[in-house]
Amino acid sequence: QHRPRRENTMRSFSSHKKKRIMFVASRTTTMRHLMASYTRVVSSVANAERTAFASSSSPSTLAPRQQEEMLRSKTNSFRRSFLMTSSSCNNKEDKEVKCDAIRVRRRRRKTTTIPTRGFAAKSSGEDQEEQEQEQEQETTTDFAKLDGDSVGKYVLVSKSQLPLDQCKAIEREFAFTGANGLLYRKCDDALREVVARHEQVHLRGYRGSGKSVSLAMLVLRERALGSLVVYLPRASHLVTRSSYQKHGEGEQEDLWDTPDAARVFLHAVAAEPNETLLGKIKTSDGKQTLLEIVKSGLEKGDQHVTQNAIDVVDELVKQKDVRVVFAFDEHNALYGHSDMHEVKGPRSRKNIHTDRLRLALKLRSCFPTANGGRYIACDSTTDVGSSNPVFKSEDENVFDFEIPKFNVAETYALLKHYEEVGKCSRGINKQIALEFKALTNGKVKEIQEYLMFQNA
């Protein structure tokens with residue numbers, strides 16, 4: 001009873017398979033014809049140009065680099081003309097085959113070389129000249145001149161001013177756009193005036209509001225004004241990821257040294273923008289410069305490097321010749337739990353709180369009041385974790401500054417910048433910015449994730 005049905009099934013399967021084979025054969029035939037025609041066009045024109053080039057004497061007067069650019073431009077024009085003549089094909093399958101043929105041709109041209117006359121590779125001197133020209137063309141913003149007229153505009157940052165691996169938000173922004181621009185917001189200009197009036201400033205704000213970027217912008221401004229800025233974009237690394245050991249006996253028996261964290265701090269002090277100022281600063285005894293003390297501390301062993309870092313902090317706080325600014329991101333990590341543990345018994349160990357870490361204790365209260373010094377702290381609500389509390393100071397001298405979320409105007413400026421670098425479609429207007437503001441609640445990271453998902 002089931003035999004006829006089985007025969008029908010086999011018959012339908014064989015017909016479907018036959019159609020599939022015919023479809024593949026047609027694609028293969030179309031691709032073969034297209035490849036043959038493309039090869040004939042390119043080879044014929046290339047031979048004609050090569051013959052004309054060999055017979056003429058004018059190209060010999062050109063530089064090898066100009067000759068190479070000439071041949072490259074002609075080859076590109078040949079490819080474009082061929083694609084334009086082939087664009088009349090309305091079959092979607094033929095278009096896909098055409099694209100595959102072009103890709104195959106490009107891969108073949110990368111792996112094969114055509115001997116031509118007078119074309120040579122670039123020399124090392126030409127490469128150096130190109131690099132120097134690119135460096136000269138790279139322009140940066142003078143952060144000392146930023147004022148209210150710069151609000152809503154993008155400022156350029158160079159790697160020498162602020163390394164990309166220091167602030168995660170800036171690193172993510174530069175990686176997304178491929179440009180080294182940051183938006184100068186209205187709160188950044190207000191923060192500049194607040195820092196001019198208050199010695200201790202504490203930045204607050206919701207997650208994703210841009211606290212870390214505002215702190216980095218302030219660091220760039222202070223360095224442009226000639227201040228010695230100790231910038232710690234990840235203060236949580238001072239209480240995590242570090243080796244630790246007991247400091248000593250007696251009154252300080254319960255305190256701990258963190259050698260790796262001390263080296264992180266010394267590297268932040270000896271950053272490239274601070275080297276010139278550190279070389280001019282003399283210690284209190286006048287025997288050495290502060291740069292020599294920092295470099296000697298980096299070479300010391302684990303038993304002495306923490307004490308060296310604490311001595312550097314004391315020297316910076318007492319400094320009267322240079323304006324010193326401490327800028328700590330993830331500041332609330334200095335008041336929470338660390339990832340270090342003390343063994344209490346064969347089956348017992350206890351977490352070491354940051355109250356027992358010597359360097360963390362010192363950095364909590366290093367207020368450089370001499371010569372207009374400043375202490376700027378910023379809390380983190382993402383990477384530090386819920387175990388670290390939000391810092392709340394009872395000192396009346398600490399000024400709390402709120403970093404707001406991106407408003408519609410700032411979102412519009414952000415999207416226009418993304419439009420210029422090609423990360424979103426054309427036609428950005430304020431209505432679209434309003435929709436993005438409502439969709440992401442003014443968080444730049446969510447805007448970038450949405451655009452990445454849309455482009456994918």
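The second largest pocket is lined by 37 residues, and Ala 169, Arg 172, Gly 208, Gly 210 and Ser 212 sit nearest its centre. A pocket here is an open set of points on a 1 Å grid over the protein atoms alone, where a 1.4 Å probe fits, with protein on both sides within 12 Å along at least five of seven lines; lining residues have an atom within 4 Å of a point. This is a predicted model, where local features need pLDDT of at least 70, side-chain atom pairs count only at pLDDT 80 or more, and totals for chains, interfaces and linings use all residues. Residues are numbered from 1 along each chain as its sequence is written, and side-chain values use heavy atoms, with hydrogens and water left out.

**The pocket**
- About 800 Å³ of space lies in this second largest pocket.
- Its lining takes two or more residues from each of α5 (168–177), β2 (181–183), α7 (211–224) and α15 (444–455); helices (H or I, at least four residues) and strands (E, at least two) are DSSP runs, numbered from the N terminus.
- α15 gives the largest share of that lining, 5 residues.
- By type, the lining splits into 10 nonpolar, 11 polar and 16 charged residues (Ala, Val, Leu, Ile, Met, Phe, Trp, Tyr, Cys and Pro count as nonpolar, Asp, Glu, Lys and Arg as charged, and the others, Gly among them, as polar).

**The α8 and α10 pair**
- The axes of helix α8 (residues 259–269) and helix α10 (residues 290–299) come within 10 Å and cross at roughly 150° (axes are lines fitted to C-alpha atoms, for helices over the stretch in contact, and angles run from 0 to 180 degrees between N-to-C directions).
- That angle makes α8 roughly antiparallel to α10 (the word applies to angles over 145 degrees).
- Arg 263, Leu 266, His 267 and Val 269 of α8 meet Val 294, Gly 297 and Leu 298 of α10 in this contact (heavy atoms within 4.5 Å).
- These contact residues divide into 4 nonpolar, 2 polar and 1 charged.

Methods
Angles under 35 degrees count as roughly parallel, over 145 as roughly antiparallel, 65 to 115 as roughly perpendicular and the rest as oblique. Grid points are joined across faces, edges and corners, and a volume is the space filled by probe spheres set on the points.
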